[in-house]
Amino acid sequence: MAALSAWFWTERFWLPHNVTWADLADPAPGVEYPKAVHLLTALPLALGIFFVRIVFERFIASSCAHSLHIQAGVGRKAQPNAVLEKVFTSITKNPDSRHLDGLSKQLDWEVRKVQRWFRHRRNQDKPSTHTKFCESMWRFTFYLGIFIYGFQFLWQSPWMWDTRQCWYGYPYQVMTPGLYHYYITELAFYWSLMFSQFTDIKRKDFLIMFIHHLATVGLVSFSYVNNMARVGSLVLCVHDASDFLLEAAKLANYAKYQRLCDFLFIVFSVVFFITRLIIFPIWILNSTMFESWEIVGPFPSWWLFNILLLVLQVLHIFWSYLIARIAFKAIMRGRVCNDVRSDIESSSEEDTGADTDGLKTSLQTPKGENGTNGHCAAAKARTQNHSSW
């Protein structure tokens with residue numbers, strides 16, 4: 001284990017030339033540099049955030065939902081049937097025509113009645129609008145709060161106004177309490193998302209989002225350990241700037257305030273394009289790639305950090321294309337359509353052709369669950385990248 005640890009923490013990878021871990025181990029009195037052990041603080045904090053979320057959703061968000069007449073109940077339940085229940089749980093939740101014909105003959109039911117039973121049974125497992133509202137309200141509250149805190153902190157930080165300050169004196173840069181709290185809180189939140197993903201609304205991209213949260217935790221931790229926290233704080237703030245707007249739009253959608261939802265979605269789209277396609281490459285990538293090269297010079301972890309940021313920029317372009325496509329369809333049709341990763345989807349697929357009352361969730365479908373337009377959820381196709389890195 002000692003040999004593995006020495007290999008992983010090799011100074012040739014993590015630190016600039018002629019800098020060692022020993023140089024950072026004994027700072028002057030009152031000075032603190034980032035240490036990997038600091039990241040462990042995020043784990044108990046993540047559990048705390050997770051429990052705060054449970055209390056928040058159960059009492060505060062739920063009360064808001066009730067005041068907006070968003071009910072906690074689910075739709076029509078499927079009538080009890082042992083045969084169909086066994087097929088549903090052990091074989092398929094969306095039977096094909098062969099299974100439907102066989103079940104129809106076995107039960108002496110019309111095929112249409114069997115289709116309807118499976119559709120109602122699938123809908124039983126879907127979260128109600130009330131549940132989705134509470135989840136989005138929690139995310140909105142956290143994203144707005146952390147953005148305000150981060151922006152206020154960075155407003156007083158010299159590297160917000162001169163990004164070259166991210167690299168002067170690197171890596172001997174003091175970890176201030178404000179920067180530490182900002183970083184650890186963000187890291188703890190994404191740890192909590194990994195925990196809560198197993199209890200949240202189940203979506204088709206469960207594995208993708210889990211990998212995304214894991215990658216975010218890795219990036220935040222990586223930038224902290226090699227003391228790129230100054231530029232990392234700028235990256236976090238740029239990403240936080242649009243996330244709370246998306247959740248606000250979803251809240252308006254669930255409350256059936258469609259005009260407000262449309263307006264918030266437009267604002268979200270504009271902020272997303274500005275922060276991800278203009279500010280991020282011109283302000284942040286320019287600093288990490290060119291200013292740092294001039295002031296510090298490249299070293300192995302510098303290369304990895306910039307490669308990951310470039311990959312992130314490619315994702316920004318892809319997500320922006322998806323959002324632009326949704327907005328274009330909205331303009332052409334007068335409303336915005338659901339995306340294939342809409343919030344109204346659970347882990348099971350919808351049978352869109354079975355009945356006139358079937359829920360439809362493709363991009364071509366004009367309405368989402370409960371008769372509301374689902375474009376707020378559609379923007380989630382860019383990730384809940386929420387977030388984030």
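**Close-up views of a predicted helical model**

**View 1. Residue N227 in the α11–α12 loop.** N227 is located in the loop that runs between α11 and α12. The model shown in this and the following views is predicted. The phi angle of N227 is near 60°, which is a positive value in a residue other than glycine. Is N227 buried or exposed? Its relative accessible area is 6%, and since buried means under 20%, N227 is therefore buried.

**View 2. Residue K256 in the α12–α13 loop.** K256 is placed in the loop between α12 and α13. Phi of K256 is near 65°, again a positive value in a residue other than glycine. Exposed means over 50% relative accessible area; K256 has 53% and is therefore exposed. N227, by contrast, is buried.

**View 3. The overall helical chain.** The secondary structure of the protein chain consists of 15 helices and zero strands. Of its 389 residues, 52% count as buried. Among the contacts in the chain between residues at least 6 apart in sequence, 82% join residues at least 24 apart.

**View 4. The largest nonpolar core and F189.** The largest nonpolar core contains 73 residues, and F189, M228 and F280 are those with the most contacts inside it. Two or more residues are given to this core by each of α4 (42–67), α8 (129–155), α9 (158–161), α10 (177–196), α11 (206–225), α12 (229–254), α13 (258–295) and α14 (300–333). The largest share, 13 residues, comes from α12. Which residues does F189 contact, leaving aside its neighbours within four places in sequence? They are I49, W138, F142 and Y143. A second, separate core has 11 residues, including L84, L100, L107 and F118. In soluble globular proteins, nonpolar side chains tend to be buried together.

**View 5. The packing of α13 against α14.** The axes of these two helices come within 10 Å and cross at roughly 160°. Angles over 145 degrees count as roughly antiparallel, so α13 and α14 are roughly antiparallel to each other. Their crossing is left-handed. The residues of the contact of α13 with α14 comprise 22 nonpolar, seven polar and one charged.

**View 6. The packing of α6 against α7.** Helix α6 (residues 97–107) packs on α7 at an angle of about 110°, and the axes are 9 Å apart. An angle of 65 to 115 degrees counts as roughly perpendicular; α6 and α7 are therefore roughly perpendicular to each other. In this contact, L100, D101, L103 and S104 of α6 meet V111, V114, Q115 and F118 of α7. By class, the contact has five nonpolar, two polar and one charged residues. L100 of α6 and F118 of α7 are also among the residues of the second core.

View 7. P127 occupies the loop between α7 (111–124) and α8. Its relative accessibility is 18%, so P127 counts as buried. How far is the C-alpha atom of P127 from that of D200? The two atoms are separated by 9.2 Å, although the residues are 73 residues apart along the chain.

**View 8. The cis peptide bond at P171.** Y170 and P171 are joined by a cis peptide bond, for which omega is about 5°. P171 is situated in the loop between α9 and α10.

Definitions and conventions
Residues are numbered from 1 along each chain as its sequence is written. This is a predicted model: local features need pLDDT of at least 70, side-chain atom pairs count only at pLDDT 80 or more; totals for chains, interfaces and linings use all residues. Side-chain values use heavy atoms; hydrogens and water are left out. A nonpolar core is a set of buried Ala, Val, Leu, Ile, Met, Phe, Trp, Tyr and Cys residues joined through side-chain atoms within 4.5 Å. Buried means under 20% relative accessible area, exposed over 50%, partly exposed in between (1.4 Å probe, protein chains only). Helices (H or I, at least four residues) and strands (E, at least two) are DSSP runs, numbered from the N terminus. Contact means heavy atoms within 4.5 Å. Axes are lines fitted to C-alpha atoms, for helices over the stretch in contact, and angles run from 0 to 180 degrees between N-to-C directions. Angles under 35 degrees count as roughly parallel, over 145 as roughly antiparallel, 65 to 115 as roughly perpendicular and the rest as oblique. A crossing is left-handed if the near helix is turned anticlockwise from the far one by less than a right angle, and right-handed if clockwise. Ala, Val, Leu, Ile, Met, Phe, Trp, Tyr, Cys and Pro count as nonpolar, Asp, Glu, Lys and Arg as charged, and the others, Gly among them, as polar.
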